[in-house]
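Dear colleague,

Please find below the structure that I was asked to pass on to you.

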Amino acid sequence: MERMSFFQFFMNRIDQVIRLTGQHLQITGTAVLLAIVIGVPIGILISKHRKLANPVLGIANVFQTLPSLALFGLIIPILGIGLVPSIFVLFLYALLPIIKNTYTGINNVDPAVIEAGVGMGMTYSQILRMVQIPLALSVIMAGIRIATVINIGTATIAALIGAGGLGELIFRGISMDNAHMILSGAIPAALLALLVDWLLGMVEHFITPKGLRGK
Amino acid sequence: MIEFKKVSKSYDGKTNVIEGLDLKINSGELVILIGESGSGKTTTMKMINRLHEPTSGIISIDGKNIMDINPIELRRNIGYVIQKVGLFPHMTIKENIELIPYLQNWDKEKRAARARELLELVDLDPDIYINKYPHELSGGQQQRIGVARALAVNPDVILMDEPFSALDPITREQLQEELLKLQDELQKTIVFVTHDMDEALKLGDRIAVMKDGRVIQFDTPENILKNPINDFVEYFVGKDRLWKSPEMLYARDIMVKKPATISLQRTPAKALEIMKEKRTDYLVVVDQAGDRPKKVVGFVTPRELRNKTEAEHKMKDIMNTGFIPVSETTNMVEVLNIMKEKRRKNLPVVGEDGYLKGLITQTSILNLFADAITDLDDDEGGDDK
Ligand SMILES: Nc1ncnc2c1ncn2[C@@H]1O[C@H](COP(=O)(O)OP(=O)(O)O)[C@@H](O)[C@H]1O
Ligand SMILES: [Mg+2]
């Protein structure tokens with residue numbers, strides 16, 4: 001077989017790479033969105049009921065500690081293979097940073113500020129909405145950013161249980177001993193992680209309340 | 001009026017940190033809660049806006065038991081200022097001040113007008129500060145905003161927990177002055193916690209000295225200072241405190257209570273005799289002899305008597321009528337100023353009823369110093385043991 005340059009190989013498969021990148025983003029995005037929808041309220045809940053904090057963070061920590069490959073393996077007997085179990089595993093992974101950062105972000109609001117709020121007659125939900133969440137927002141966003149970046153990496157492994165995404169190119173390349181194919185998956189995955197990290201970093205900066213910026 | 005009736009508070013269900021507290025705070029009065037750390041000042045204050053709730057007893061505001069009022073409602077009608085200020089760091093000064101008006105559904109124009117008005121009231125230029133964020137302000141300015149925010153919906157009652165303690169002495173003094181000015185204008189019922197006796201004496205209409213969850217003495221600054229109810233209060237006030245607050249010393253504290261007097265019809269010879277007997281060279285001339293209350297009509301000194309030793313000269317003819325009477329509550333600083341400016345060594349003290357109460361002399365002022373020095377001697381003696 002005529003040796004092609006990596007660039008040629010890549011350009012020949014650009015359509016596939018784009019499709020898989022889209023899929024990759026879709027899997028990660030769905031998992032992170034679910035983790036936000038579930039994790040942020042849990043984080044708020046445990047910041048109000050402190051006794052729940054340790055058990056909840058402990059459980060979330062277990063998912064985070066388990067090797068991803070093991071977790072994918074464990075989920076197959078329960079949910080089988082395909083998109084749904086993949087998203088589910090990624091969701092579990094994303095939970096910890098989001099719950100933890102929501103919890104810390106809200107807890108780290110200066111107690112004097114909360115006391116002033118309560119003392120002047122704000123209700124719990126007004127304080128949450130108008131004070132705690134706005135002040136914790138950038139910390140929560142940092143959690144979302146960590147979760148997303150980790151998930152972009154972990155999602156490549158999800159290809160193993162049939163989720164698709166850029167991992168598909170990597171694993172097929174490994175089995176076919178085709179370095180170009182591996183790189184066609186690995187490089188876009190790496191760039192994607194960097195790009196998303198940067199983008200979410202910008203978001204984090206812009207949602208930091210003006211009164212707290214440049215302090 | 002805020003009234004505590006037999007109020008006790010326990011956090012752990014075992015020990016009472018507040019013990020059978022009775023306290024009546026009148027409307028328009030600035031009451032200080034003072035005591036050592038842990039004496040229960042903050043707890044007492046926080047029970048007023050139900051940040052803490054009494055374990056037993058009743059707290060009422062204007063006759064209404066506060067436990068019958070919705071806590072949110074209650075708190076919105078009570079201003080709250082704390083040492084750490086607690087401004088919302090993500091909101092501008094305007095948003096901070098307008099928050100409760102906003103939650104009370106005031107319309108936008110009314111809120112904005114109120115914010116400007118309050119900034120002016122606490123002596124900050126609205127044009128400069130209204131759109132700034134808290135971290136752009138100094139500590140003193142932040143606490144001014146804290147006060148403005150507490151006044152936003154014009155509550156009758158304001159609670160202040162060591163509001164100026166974290167500020168440098170100069171800023172603290174400024175804010176104290178302004179609080180007094182503000183209080184003159186607004187006549188709020190203010191409960192003010194501090195552990196600083198100077199601050200208490202300066203600001204308080206009345207001072208409640210607390211110890212171990214009880215009020216030991218609840219009285220005017222003057223009485224706390226001059227008639228401490230027991231050793232603890234005396235120790236807490238500080239023995240030499242009176243000296244640090246000369247404006248708390250009044251003419252009635254300095255004066256000689258039974259000054260040498262002479263009545264209108266007496267002769268120079270008699271005057272000389274009295275001077276000799278009483279070892280003084282200043283006689284207050286009064287309208288009548290005897291023990292009944294007397295009115296001051298003049299004074300004589302050896303100068304008035306010179307060359308007028310004949311018996312037909314009576315006091316009414318030779319006395320000097322240019323005396324300067326002061327009232328019983330003229331304070332030490334004012335007394336000294338009058339003496340200096342008018343070059344007087346003696347000032348008769350005249351009561352509200354117009355009768356002579358006593359005489360301030362150079363000696364009586366000196367005696368005050370002597371007393372203070374005796375106190376210091378006592379202290380040194382104690383140290384030597
Ligand atoms: N939230 C709380 N929980 C338990 N104990 C408290 C709490 N607040 C205060 N105490 C205790 O109550 C006592 C009085 O405290 P506090 O009212 O804060 O005194 P002060 O304001 O005079 O320093 C102290 O012994 C303190 O440790
Ligand atoms: Mg306190």
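**How the two chains meet**

In this predicted model, 22 residues of chain A are in contact with 24 residues of chain B, where contact means heavy atoms within 4.5 Å. Between them, chain A and chain B bury about 1,900 Å², and 72% of this lies on carbon and sulfur atoms. Buried area here is the accessible area (1.4 Å probe) that two parts lose on being put together, summed over both. On the side of chain A, the residues that lose the most area to chain B are E115(A), M120(A) and M130(A), which together account for 29% of what that side buries.

Some conventions apply throughout. Residues are numbered from 1 along each chain as its sequence is written, while chains are lettered from A and ligands numbered from 1 in the order in which they are written. As the model is predicted, local features need pLDDT of at least 70 and side-chain atom pairs count only at pLDDT 80 or more, whereas totals for chains, interfaces and linings use all residues; side-chain values use heavy atoms, with hydrogens and water left out.

**Chain A**

Chain A has 9 helices and 0 strands. Helices (H or I, at least four residues) and strands (E, at least two) are DSSP runs, numbered from the N terminus. The C-alpha trace of chain A spans about 80 × 40 × 20 Å along its principal axes. Of its 215 residues, 48% count as buried; buried means under 20% relative accessible area, exposed over 50%, and partly exposed in between (1.4 Å probe, protein chains only). Among contacts in chain A between residues at least 6 apart in sequence, 77% join residues at least 24 apart.

Q16(A) belongs to helix α2 (residues 14-48) of chain A. Is Q16(A) buried or exposed? Its relative accessibility is 17%, so Q16(A) counts as buried. Leaving aside residues up to four places away in sequence, Q16(A) touches L169(A) and R172(A).

**Ligand 1**

The residues around ligand 1 (those with a heavy atom within 4 Å of it) include Y11(B), V17(B), E36(B) and K41(B). By class, this shell has 2 nonpolar, 6 polar and 2 charged residues. Helix α1 (residues 41-48) of chain B gives the most to the shell, with 3 residues.

Which residues place polar atoms beside oxygen atoms of ligand 1? A polar side-chain atom of T42(B) lies 2.6 Å from one, a polar backbone atom of G38(B) is 2.7 Å from one, and a backbone N or O atom of S39(B) lies 3.2 Å from one. Taken alone, ligand 1 exposes 550 Å², and the protein buries 57% of that; such areas come from the Shrake-Rupley method with a 1.4 Å probe, and for residues only the protein chains shown count as cover.

**Two loop residues in chain B**

Most residues other than glycine have a negative phi. R279(B), although not a glycine, has a positive phi of about 50°. R279(B) sits in the loop between α13 (268-278) and β12 (283-286), and its relative accessibility is 76%, so it counts as exposed.

R343(B) is not a glycine either, and has a positive phi of about 50°. R343(B) lies in the loop between α16 (332-341) and β14 (346-350) of chain B. With a relative accessible area of 74%, R343(B) is exposed.

Yours sincerely

Key
Polar contact = N/O pair within 3.5 Å; in protein donor to acceptor, adjacent residues only side chain to side chain. Nonpolar A, V, L, I, M, F, W, Y, C, P; charged D, E, K, R; others polar.
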